[in-house]
Amino acid sequence: DLSPTLNCSSFLTTPYSTGLGLVGPVLGDDHQANLPNSVFSIIIFTVIFLANFSSNMSVVTMMLVLSTITSIISSTVVIMSLPMMCPIYLSSLVTTMLMVMTIISKRRSLDSFPTNNINQAFKKLI
């Protein structure tokens, strides 16, 4: 804990630190899905990491949508828990935003990459 406002201990006791701030009010605090936000982050980051090995445009678009939704939810959690901040959660938010930017870059590069030229080049090679 760095200060009264930069305090992870207090931040993690807010209702927004579990279930992404959505599960508790909708399904109740005792619901199975009301897990710490870190569990959801681990699952989402793992899915995006594994999907990143694909060069399929639909998979990259799915990664972009998932990471954008994650970034919006994380931003909302930070805004709702003001004036308290957790530096670890803020760094996770920055990481998510950087991930969105890199996925946008990957999607643009796939969009401008001519797939027909690869097939022609492969045929010439053979």
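The buried residues of helix α5 pack against α1, α3 and α4; buried denotes under 20% relative accessible area, exposed over 50%, and partly exposed the range in between, with a 1.4 Å probe and protein chains only. Helices here are DSSP runs of H or I with at least four residues, numbered from the N terminus. The model is predicted, so local features need pLDDT of at least 70 and side-chain atom pairs count only at pLDDT 80 or more, whereas totals for chains, interfaces and linings use all residues. Residues are numbered from 1 along each chain as its sequence is written, and side-chain values use heavy atoms, with hydrogens and water left out.

Helix α5 comprises 26 residues and spans 38 Å from its first C-alpha to its last, close to the 38 Å expected at 1.5 Å a residue (the expected span being 1.5 Å times one less than the number of residues). Its buried positions are Tyr89, Leu93, Thr96, Met99, Val100, Ile103 and Lys106.

Leaving aside neighbours within four places in sequence, Ile44 is in contact with Leu66 and Thr70, contact meaning heavy atoms within 4.5 Å.

Because Cys8 lies in helix α1 and Cys86 in the loop between α4 and α5, the pair ties together parts that are 78 residues apart in sequence. The link of Cys8 and Cys86 is right-handed, with 85° about the S-S bond. Cys8 is buried at a relative accessible area of 16%, and Cys86 is buried at 4%.

Aromatic pairs are Phe, Tyr and Trp rings (the six-membered ring for Trp) whose centres lie within 6.5 Å; planes under 30 degrees apart count as stacked, over 60 as edge-to-face and the rest as tilted. The count comes to 2 aromatic pairs. Phe11 and Tyr89 form a tilted pair, 5.2 Å centre to centre with 45° between the planes. This pair links Phe11 in helix α1 (residues 8-11) with Tyr89 in α5 (residues 87-112), 78 residues apart, and both residues are buried. Phe49 and Phe53 form an edge-to-face pair at 5.3 Å and 80°; Phe53 counts as exposed, with 63% relative accessibility.

Key:
Helices (H or I, at least four residues) and strands (E, at least two) are DSSP runs, numbered from the N terminus. A disulfide is a pair of cysteine sulfur atoms within 2.5 Å.
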